[in-house]
Amino acid sequence: MKKRKKRTKKGEPQHITKAVTHIRLVETNPGKLAALDRLSQVFLLLTQQYTTLFCTDELPDSFHAPCFETTLSERWHRVAIQQAAGIAKSWRTNRANAYQAYVDDLAEYQEQQADGTLEEGTTEPQWCEWDVPTLREICIQGNCNVIKLEPSTDSCFDYWLKVSTLDKGHPLLVPVKLADYHKEALIDPNTHTRRTINSSVTLNKRDGAWWLTLSYDEMVTVQTLPDAPVIGIDVGIANFITTSSGKTYGTFNGKIREQQKRDREKPRGKAKLRKCLEKKGVPKEKLPSTSSATGQRLIRHVRQEINRAVNLCFTEHPDAHFAYEQLSVATMRHKARTMNAYMRASNLGHIPRQIEWNAAKRGVAVTAVKSAYSSQQCHVCWYVDRKNRPNQQTFCCKVCGHTTHADKNASQNIAARLHDEELRACQNRAEVKALLMKRHEHWKQKYGLVVVQPAVQLGLWDIPPASTDVA
Ligand SMILES: [Zn+2]
């Protein structure tokens, strides 16, 4: 799904693309798919050449003039250029984001160094230049110029995939048989007819087998009202989601952590075995692998738990307009310090993606807001300080004494940022901080507060104005 740049409004139709995956291509005649294998090798090589070009010397351009020799047809050549441009574009974006995160990290480091708040053992952030992507897996995103999906008149199959090959004028015909759940996914529940399948298809080769992915478009109308209550979402590890309404969804603690502990013992045993075999002179490639199948299962399990948490959050706030943090790589890295390997591997970024996806398919408005200082800023008086967080769970403002769960404070800040145009306009972290501190100064003037110890202020704060009348 593409990221939406503008904010969603009620009644606005949104276009979402859904995929039907894992359709295995069956081989009817031996050697038929061998032609596809030959083609894909040449295609992979050419796509790699353009990917490297678009990541280094030239900007990604889907309409770039062909500049490498190949045995592929002109149409296939086009497809390779387009696919390479797409890969290079996202590689460049990710690299640019990571570089910006490094610059932010460095600025934060220098800031802390200057005011002497640098934690012991903190090292200066380093930039390590990224490698150009290497294409290993075979993936072909073919358009109708090279791959055509045609309905089959033969009752044994559902479609024919007509693939043009290296052998000009001799297209390959591969039968496509859909499983019942594929067929079900392709039926529109409103009209009970088969949906229109998009003309572009994806072919993947994994573990020696060819797989087809089909897709279709769906229109979803945004149902959220303009004055809908705003719910802020804070993303974390202890709780995957904390809302400004005070609810939490999903956690890495408990069951998942238990499972992970058990799993952790296994690779260690394997590593020991490796060492032992290595000493005996067994060649490296014959040693057992350290990547574990149970680890992979656990990562999948974490993702499922995230999906469940996000789903439930949406179900329990049916009329809300959600605000969530656009997690920068720096914020993610910051949160990652308290994260364990499985959460890292299953990726915190999976949570915002899942929020976006749920919103799109349900027709619910969501808005990404800036995450800078959302966890250090006091929701009451705007004061920003790392020391407002005495520990991971607690927020305790150094100025006004406002005390609450750290994630709740963050989610309330996130909710408030949804309609905050001034903050949205900030160009970088420094500008965000300056704005928040300016507001804090106004707050102080308004309440005429002298900065005193939080405990004393807490006391002041808790006395209701009417208390003097009681006697
Ligand atoms: Zn405060």
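These legends accompany several close-up views of a predicted model. Residues are numbered from 1 along each chain as its sequence is written, and side-chain values use heavy atoms, with hydrogens and water left out. Because the model is predicted, local features need pLDDT of at least 70 and side-chain atom pairs count only at pLDDT 80 or more, whereas totals for chains, interfaces and linings use all residues.

**View 1. Confidence along the protein.** The pLDDT, which is the predictor's confidence in each residue on a scale from 0 to 100, has a mean of 83 for the protein, and 81% of the residues reach 70 or more.

**View 2. The open sheet of 3 strands.** The strands of this sheet follow the order β3-β4-β5, with antiparallel pairing, where two strands pair if DSSP finds at least two bridges between them. Because β3 (147-151) and β5 (172-176) stand at the edges, each with a single partner strand, one side of each is left without a neighbour in the sheet. From one strand to the next the twist averages 25°. Strand β4 (residues 159-163) is joined to β3 in the antiparallel sense over 5 bridges, and L149 has L161 of β4 as its bridge partner. Helix α1 (residues 32-55) lies across β4 and β5 and runs at about 115° to β5; axes are lines fitted to C-alpha atoms, for helices over the stretch in contact, and angles run from 0 to 180 degrees between N-to-C directions.

**View 3. The packing of α1 against α2.** Helix α2 (residues 74-114) packs with α1 at an angle of about 45°, the two axes being 8 Å apart. The two helices are therefore oblique to each other, given that angles under 35 degrees count as roughly parallel, over 145 as roughly antiparallel, 65 to 115 as roughly perpendicular and the rest as oblique. Residues that make the contact include L39, F43 and L46 of α1, together with W76, H77 and V79 of α2.

**View 4. The open sheet of 5 strands.** Here the order is β10-β9-β8-β11-β12, and the pairing is mixed. Since β10 (248-249) and β12 (366-369) stand at the edges with a single partner strand each, one side of each is left without a neighbour in the sheet. Strand β11 (residues 321-325) pairs with β12 in the parallel sense over 4 bridges, and F322 stands opposite V366 in β12. Helix α8 (residues 350-362) lies across β8 (230-235), β9 (241-243), β11 and β12, running at about 160° to β11. Helix α9 likewise lies across β8, β9, β11 and β12, and runs at about 130° to β8.

**View 5. Strands β2, β6 and β7.** Strand β2 (residues 138-142) and strand β6 (residues 201-206) run antiparallel and are joined by 5 bridges, with I138 opposite K205 in β6. Strand β7 (residues 209-221) pairs with β6 in the antiparallel sense over 5 bridges, and K205 stands opposite W210 in β7. The hairpin of β6 and β7 has 2 residues between the strands, and in this hairpin D207 takes a positive phi near 50°.

How values were computed
Contact means heavy atoms within 4.5 Å.
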